[in-house]
Amino acid sequence: VRKHAGSILKYKLPVDRYIAISGAVRDVLVDDGIRPERISVVHSGIDLSRFQHIEEKDLRGEFGLPDDAVVIGNLGALTDHKGHRYLLDAAPLVLDEHPEARFIICGEGELRQPLEEQRRRLGLENHVLLPGFRPDVPELLDFFDIYAVPSHMEGLNTSLLDALAMRKPVAACAAGGIPEIVRDSETGLLVPPRDPERLAEAIVELIDNPDRGREMARRGRSLVEREFSVESMVRGTLEVYRRVLEG
C-alpha cells in the first residue's frame, strides 16, 4: 500500500514539494522514489490551549481504582501498528514489581476482541481496563501517571505530543517518527519496538524514579512548545510555501 501510494504521487501529480510530518515519513517517500530535495519536513503540531483548563472529574472513582494505584495510560485506535498487544505482554512484568499498577487503554478498533482475549488469557481483567473511545482526552491525560506508547509503526503520534503537553512521563517505542519526540533519557524513555520486556523495564523505571520522570516530562513540554505546536507547524508550512514560490 505504501509503495502504491508513493507511485501515484510520484508519477501522477504535478507536485513541486512534498511536506512530510516527520523525518520518518520523509524517509518513506525517498524509499518510494521521490527525490529528497522535493521533500520538506514540517512536524505536525497540536493546540496547546486545549490543556489550559481541565475539567475536574473523579476518574479514579469512575474506573474503580484503589487510591494507591499507579495509572499507566494509552490513547489510540486498537489497530495493529499501535502495538497494544506488546503493552499487555509488558503488564505482568510491571505488576511483578508494582502490583498496585493499573493500565488504561482508551480507544476502539478491530483488535478489541483479540486484546480482550489476551487480557483474559494473561489474567489481567482487574489490572488492564479497555474503556473504549473517550472524548475527554485532557482529563484522561491529567489522570494518568505515566503514558506508554507501544507502537511499532508511526508517522509521528500526536497523542504522544498531547501527553508531553500535559507534562506526563513517557515510555515509548522507537518506531517511525516517535524518536523525533521522545529523545531517550531527555524527554522520555525510548525502547525497541515489539519488546515487552524493555517496555516493562522503562515503565518500572518511571514508577521507581518519579522525580526523573517529572524532569523528562518538563523537558518534553518545552520541546512541544518549541517544535510541535500549531504555531510552529503554521510557520514551517508558510516557510515551505515561500521557498517554493521564490524558487
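Which helix holds Tyr-241? I looked, and Tyr-241 sits in helix α10. Helices here are DSSP runs of H or I with at least four residues, numbered from the N terminus.

I noted the basis next. This is a predicted model, where local features need pLDDT of at least 70, side-chain atom pairs count only at pLDDT 80 or more, and totals for chains, interfaces and linings use all residues. Residues are numbered from 1 along each chain as its sequence is written, and side-chain values use heavy atoms, without hydrogens and water.

**Entry: surface patch.** I found Tyr-241 in a nonpolar surface patch with Ile-19, Val-234, Leu-238 and Leu-245. Nonpolar side chains (Val, Leu, Ile, Met, Phe, Trp, Tyr) are joined within 5 Å, like charges within 9 Å. Helix α10, residues 230-246, gives the most to this patch, with 4 residues.

Entry: I checked two residues. Tyr-241 counts as partly exposed because its relative accessibility is 48%. Asp-96, at 62%, counts as exposed. Buried means under 20%, exposed over 50%, partly exposed in between (1.4 Å probe, protein chains only).

**Entry: Asp-96.** I placed Asp-96 in helix α4, residues 84-97. I then looked up Asp-96 and Glu-246: they are 150 residues apart in sequence and 60 Å apart in space, C-alpha to C-alpha.

Methods. Patch = residues over 30% accessible without salt bridge, like charges linked within 9 Å, V, L, I, M, F, W, Y side chains within 5 Å. Areas by Shrake-Rupley, 256 points an atom, 1.4 Å probe, with all protein chains shown as cover. Salt bridge = Lys/Arg side-chain N within 4 Å of Asp/Glu carboxyl O. Helix = DSSP H or I, 4+ residues; strand = E, 2+ residues; numbered from the N terminus.
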